[in-house]
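Please keep the sequence and the model in view while reading.

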Amino acid sequence: MSTKPKVAFYWCAACGGCEEAVVDLAEGILDVAAAVDIVLWPVAMDFKRQDVEAMADGSIAATFLNGAIRSDEQEEMAHLLRRKSQLMIAFGACAQLGGIPGLANMWDRNSLMERIYGGGEGGEPRTTHQDNGRSVHLPLLYDTVKTLAQVVEVDYTVPGCPPTPALLNDAVAALVAGKLPPKGAVLAPDRALCDECPRKESKPEKLSIAEFKRPHQILIDHEQCLLAQGLMCLGAATRASCGARCIHGNMPCTGCFGPTSRVRDFGAKAMSALTSLMEAKEDKAILEALKSVPDPIGTFYRYSLPASLLARKRMEETPNAG
Amino acid sequence: MSTAQKPARRDGYVYFPGCALSANGIAYDESLRTLYRLLGLGLRELEDWNCCGATAYMSIDEGSAFLLSARNLSIAHRMGAEEVLAPCSACYLVLRKTQDYVAHHPSVRRKVTESLERAGLGPLNTVRVRHPLEVLYNDVGVARIQSLTTRKWRGGRIACYYGCQVVRPYDEVDKPYNPMRMDELMQAVGAPTTDYSLKTKCCGGSLTGTTAEVGLRLNYILLKEAARKGAQAIVTICPLCQFNLDVYQKEIARQSGERFDMPVLFFTQVLGWALGGEPRELGLHRSLAGQSLIQRWFAAKEEVEAYV
Amino acid sequence: MSEAGGPVRIGVYVCHCGTNIAAVVGCGEVADYARSLAQVAVSREYKYLCSEPGQELIRQDIRDHGLNRIVVASCSPHLHEHTFRAAVEKSGLNPFFMHMVNIREHNSWVHEDRAKATAKANDMVRAAVRRVALQQSLSRGRVEINPGVLVVGGGIAGIHAAMTLANAGKKVHLVERQPSIGGHMAMFDKTFPTLDCAACILTPKMSSVKAHPNITLWSNAEVTGVAGYVGNFDVKVTRWPRYIDEDLCTGCLQCVEACVYKEARFPDGFNMGLSKRKPIYLPFPQAVPQVPVIDPETCIQFKTGKCKKTCVAACADRQAIDFQQKEKIEQIRVGAIVIATGFQPFDASRVPYYGYGVYPNVYTSLEVERLVNASGPTGGDVVLRDGRRPKSVGVIHCVGSRDVDSNRWCSRVCCMYSLKLAHLLKEHTDAEIFNFYIDMRTPGKGFEEFYQKLLNEGVHFIRGRVAEVTDWALDPTEEDKLVLRVEDTLLGTVRRIPVDMVVLSVGLEPHADAGEVRRLFNISCASEGFFLERHPKLAPVNTFTDGIFLAGCCQGPKDIPDTVAQAGAAAAEALALIDAGAVETEPNTAHVIEESCSGCRTCVPMCPYNAIVFDAAAGRARIEQVLCKGCGTCVAACPSAAIGQHLFEDAEIFEEIEGVLANV
Amino acid sequence: MSEFEPKIVAFFCNWCTYLAADLAGTSRMKYAPNTRVIRVMCSGRVDPQFILEAFARGADGVLIGGCHPNDCHYQEGNYKALRRFYALKEIVRQMGIEDERLRLEWISAAEGERVKIVVNDMVGKIRALGPLRPKPQQEVTA
């Protein structure tokens with residue numbers, strides 16, 4: 001029996017990008033494989049749920065779980081893996097903050113089902129199906145997308161959409177070396193992206209923004225601070241360590257690395273900072289300038305709606321049981 | 001404001017004559033219609049109008065008075081009017097008051113709306129109540145009236161008398177203290193006016209019919225002070241004031257020994273004359289007091305062509 | 001000072017404030033409730049916590065029970081925060097371990113339902129308990145005080161404040177908007193109730209101001225900029241051109257004599273337009289400085305450039321006249337500011353039914369002050385605008401005072417000056433005088449006696465608000481008279497009183513530009529527009545801005561004795577501040593949590609005081625503690641929550657929010 | 001069941017609105033006991049997070065009180081508050097929270113009466129709307 005630490009990778013409500021991040025280790029994956037035993041990785045290897053259930057509780061050293069939780073199956077797996085693991089690591093923006101799937105919290109289950117399946121033949125998916133005398137259970141979709149931490153206790157978080165291979169490498173290295181920070185930490189520096197932004201120097205000291213621009217509306221300078229160009233760059237509110245990939249690509253930061261540790265609500269803080277810098281003073285002028293932010297939730301909460309203070313759009317009335 | 005030309009109302013002003021302008025104050029009705037014609041302004045009489053709800057009604061049963069008034073406003077709204085023209089001061093005030101109370105007092109609004117509904121009528125909405133003095137001053141303007149004047153004023157000095165109702169509590173027709181818009185209009189057509197401190201004092205009004213001695217005294221004070229200030233005639237904007245000041249002059253002369261025989265005219269009569277109206281179509285023959293002066297002042301044959 | 005290590009032990013103190021709080025809020029219930037909260041070691045109610053025994057109770061508990069956080073539920077922190085901080089500090093605990101809950105102004109005084117008021121108090125106390133647990137030990141900053149003082153306004157208030165400060169050895173800058181100091185008092189004839197001559201008592205003080213080595217007098221000047229803070233105000237003063245060089249002019253007035261206008265023909269402002277002046281004029285004979293001024297609106301040289309300039313010739317080699325003079329900006333630094341900008345008289349034409357501006361023989365009280373003044377437009381001869389001498393005069397009180405249509409407040413001085421004018425008019429003309437009053441208000445030393453004296457002099461007093469002043473005559477006795485129509489409420493009848501002259505006793509109101517002055521100095525106004533004192537009883541000359549004090553009618557209507565007393569008090573407050581040499585500042589400043597700062601610079605433009613600098617070498621922002629005034633705008637703006645604010649930390653406020661809502 | 005009593009968290013600036021509320025007290029004006037005032041030095045200190053936190057913790061309404069434009073004790077803090085307010089208003093609206101529940105008022109130290117009017121008006125409007133969260137949300141979940 002190997003003495004290498006056992007590691008699991010699992011995905012819930014996610015796009016698969018986080019899995020790519022693992023693959024993006026490229027030949028580095030061999031080092032990981034050399035350092036740890038991968039005991040579960042459904043995207044790459046064939047495992048069944050029963051295999052996990054058969055493992056002893058706490059036998060997995062660490063589970064890297066990516067994706068948000070929005071179905072009963074995902075929640076069950078999160079609980080199961082939590083039980084089997086010493087460490088539960090939220091991997092990527094969806095697990096940490098809800099991520100892009102979290103924007104579904106602007107609706108509820110019924111309205112989503114109606115939107116997607118409404119009017120179609122056969123109606124919406126049912127959770128049980130009878131066929132040939134056998135019953136099949138399909139996962140139940142929740143009204144509300146949750147972060148991993150809202151479902152199970154999370155020990156560490158690796159941020160990003162997706163996290164960089166470097167962050168994963170560092171996390172595994174720390175795990176193997178037993179040099180982990182205090183529980184609850186995000187395994188990345190606790191400063192905002194401006195800190196490592198290649199355009200930091202070009203940011204004016206006293207910025208005043210007349211209105212926000214979207215990338216397609218202007219010719220973007222390659223050197224100057226994107227916010228100073230009027231672009232809605234959320235770098236000042238977003239945790240560093242992505243290597244400013246988007247900025248290098250001449251695109252503004254959209255906030256996928258989430259907030260720094262003192263911030264309770266990423267979107268509110270980002271909004272507060274950027275609107276504070278606006279030029280307009282009078283009510284009318286402010287409202288006019290704010291028209292350049294047509295979708296505040298989609299802008300400021302693109303990755304973090306389920307983790308935000310309000311978490312979801314208010315549900316009008318008690319929805320039907322699914 | 002006075003020179004601002006508002007776009008002409010598509011269908012003209014909706015006109016609420018009320019009882020006074022249909023009877024005692026018919027000269028006001030005649031001269032108003034003539035003046036509007038001369039100014040090229042349309043005038044549509046309110047369909048199926050009823051008592052405005054003023055004076056006695058308002059004092060005894062405010063609620064019912066509001067209903068009477070509201071019915072008129074509702075019909076005006078049904079006619080597509082945004083405004084309703086009320087030349088009689090009492091009508092003006094009660095309509096204006098109704099509109100105000102309906103807008104600001106939910107209990108009145110509820111009662112009025114329910115009653116209108118039962119009568120198959122819609123709500124008042126925002127029909128604006130207006131008085132001809134303020135319409136002529138704001139919508140037509142002093143300058144335009146001056147430019148349309150075709151007759152030179154041959155009459156004497158006049159005292160402009162506004163009465164108690166149009167300037168308070170609402171100050172939309174003119175300022176409550178020392179109103180001047182009628183004075184300005186009179187001066188625009190060449191008629192000299194006198195300082196008249198009693199412009200907005202009570203004319204004696206309905207008291208003349210009940211407590212005659214008080215009513216007549218108030219009446220007497222107005223005439224006497226106008227004469228003392230050098231006025232030969234009083235010009236007013238209210239049919240009740242005009243009637244009161246006009247018809248009791250003989251009685252006052254009998255009691256006080258002072259004979260005034262002073263014309264009491266509507267401002268629309270003076271303006272209509274200045275703009276070229278004929279004495280009969282302005283109702284000038286209907287005045288009781290001061291007819292000799294009236295005939296001298298408003299003699300058509302002395303008309304001066306193209307007074308510019 | 002204790003840093004309060006170890007477990008948090010909170011003491012909660014609920015004040016009854018006599019019955020002020022206890023009558024509505026169940027203080028015992030609140031104290032019981034507080035006792036049930038986590039970390040609360042002691043919870044008590046007490047009748048008057050601000051009293052010495054009340055404070056001692058807290059101190060004793062701190063000693064006996066090892067308390068290290070204190071919550072006081074009582075009145076507004078604006079009233080007693082410093083009291084309780086001092087009490088806590090005296091026991092050796094850091095004063096900023098105390099938090100106040102306002103259950104009086106914000107609760108018992110505004111609510112009636114006992115259960116709901118008590119529930120609200122519980123919520124607020126719970127929030128305070130949770131918040132105070134996080135509060136940290138802080139120390140106050142120290143600011144050195146610049147010993148100079150600026151006095152704004154050269155009326156009797158400003159003059160007295162400036163003299164008091166200067167006599168105490170402080171350097172004073174006195175700035176007056178008019179060409180001369182003296183203010184309204186210089187226009188008065190006699191002063192009530194002693195009837196001593198206003199000029200006799202004022203002009204020596206005016207001369208002393210000019211002569212005082214510690215006073216720099218800038219007349220014809222205005223404060224146009226104020227920056228800085230207590231102890232260190234940077235003030236910009238604009239000295240408007242008077243076109244005569246103050247240093248060169250000897251005050252001989254030959255230029256005025258020599259003006260090409262042989263006759264004075266422009267309304268004289270000092271005499272309320274009742275006399276005429278030339279384009280070059282001395283505002284009034286006793287003006288200080290004794291330097292004429294040229295009015296460019298009426299001076300031919302300014303209007304056409306083609307004057308013979310006889311004034312310049314008359315000035316000869318002194319060459320004091322300078323048509324090219326431009327405004328001059330002076331920049332000074334002072335430690336304290338006394339604002340004494342005074343009042344403006346109510347504009348009587350705003351009450352149209354009294355006929356001011358319509359009937360020539362209707363006067364305002366200030367016009368009559370000039371009319372009865374021996375150095376006034378008529379040399380003290382009371383002649384009406386139409387040349388007649390009045391045989392009867394009506395004095396109407398409360399014009400523009402106690403009136404919902406103009407100003408609601410009582411102007412305090414009008415009853416007395418109306419009595420004074422009645423006396424003077426009677427003395428000058430022997431006319432029959434009628435005073436029309438709503439109530440006679442004579443609550444000052446010698447005031448009631450003065451009223452009695454007037455009654456004995458045969459002045460008529462009619463109790464009733466005059467309905468109108470009119471010229472319509474009912475009978476021959478009223479011809480060519482002004483008729484006052486009034487309900488005599490003592491007789492219970494409506495009267496018509498014909499008189500030759502009407503005096504409108506106009507009230508006092510804030511200057512039309514008081515709002516701009518207020519913004520300039522960053523102080524507050526009460527609803528009627530007078531400047532707001534910090535506390536009506538306990539800090540009547542202080543403002544909410546430290547280092548700025550109020551004197552005279554800019555704070556509210558008052559007579560000369562009260563004005564002088566208040567000016568003295570303002571000067572004393574300024575002296576106390578300056579002589580302390582330094583002042584302690586609230587430690588509520590913002591601070592950068594350096595390890596979290598990304599150097600994004602969002603905070604930099606937030607600060608109106610340029611307290612935030614970006615340290616390019618370190619790549620972090622830094623907040624200069626002495627410049628920070630503690631608004632916290634940068635804290636809310638910081639996208640990484642890398643700025644904190646002492647006393648108002650995010651965590652503390654979050655605890656408060658959660659605290660007030662914890663039972664929802 | 002007793003009538004729904006809205007709970008309103010109010011952030012009042014130290015120099016204007018807090019003093020106005022003090023003045024309402026010294027003037028013994030009576031108004032609804034539904035606000036819970038949290039004192040901050042300036043409306044510019046009000047972090048949008050505070051408001052969302054209040055809503056998340058069960059407040060039925062949030063009121064921000066600051067000095068009038070041009071009258072800010074700190075010169076311009078209230079303008080920053082105003083910009084954030086409008087942006088947050090849109091966020092809150094998107095999140096399905098009615099407009100009446102979030103309000104910004106400029107109330108000077110002299111306007112004690114205004115505190116009374118605003119609080120009573122806000123309480124009335126929110127009472128009519130009902131609680132922000134009628135009962136623990138019954139969602140489809142595990």
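Ten residues of chain B and eleven residues of chain C make the contact between these chains, contact meaning heavy atoms within 4.5 Å. This is a predicted model, in which local features need pLDDT of at least 70, side-chain atom pairs count only at pLDDT 80 or more, and totals for chains, interfaces and linings use all residues. Residues are numbered from 1 along each chain as its sequence is written, chains are lettered from A in the order in which they are written, and side-chain values use heavy atoms, without hydrogens and water.

About 930 Å² is buried between chain B and chain C, with 56% given by carbon and sulfur atoms; buried area is the accessible area (1.4 Å probe) that two parts lose on being put together, summed over both. Three salt bridges are found across this interface (a side-chain nitrogen of Lys or Arg within 4 Å of a carboxyl oxygen of Asp or Glu). B:Lys201 pairs with C:Glu468 in a salt bridge, with 3.0 Å between the closest N and O atoms.

Within chain C, helix H12 (residues 414-429) and helix H13 (residues 447-456) have axes that come within 10 Å and cross at roughly 35°. The axes are lines fitted to C-alpha atoms over the stretch in contact, and angles run from 0 to 180 degrees between N-to-C directions; helices are DSSP runs (H or I, at least four residues), numbered from the N terminus. H12(C) contributes C:Met416, C:Leu419, C:Lys420, C:Ala422 and C:His423 to the contact, and H13(C) contributes C:Phe447, C:Phe450, C:Tyr451, C:Lys453 and C:Leu454. Seven residues of this contact are nonpolar, two charged and one polar.

How values were computed:
Helices (H or I, at least four residues) and strands (E, at least two) are DSSP runs, numbered from the N terminus. Ala, Val, Leu, Ile, Met, Phe, Trp, Tyr, Cys and Pro count as nonpolar, Asp, Glu, Lys and Arg as charged, and the others, Gly among them, as polar.
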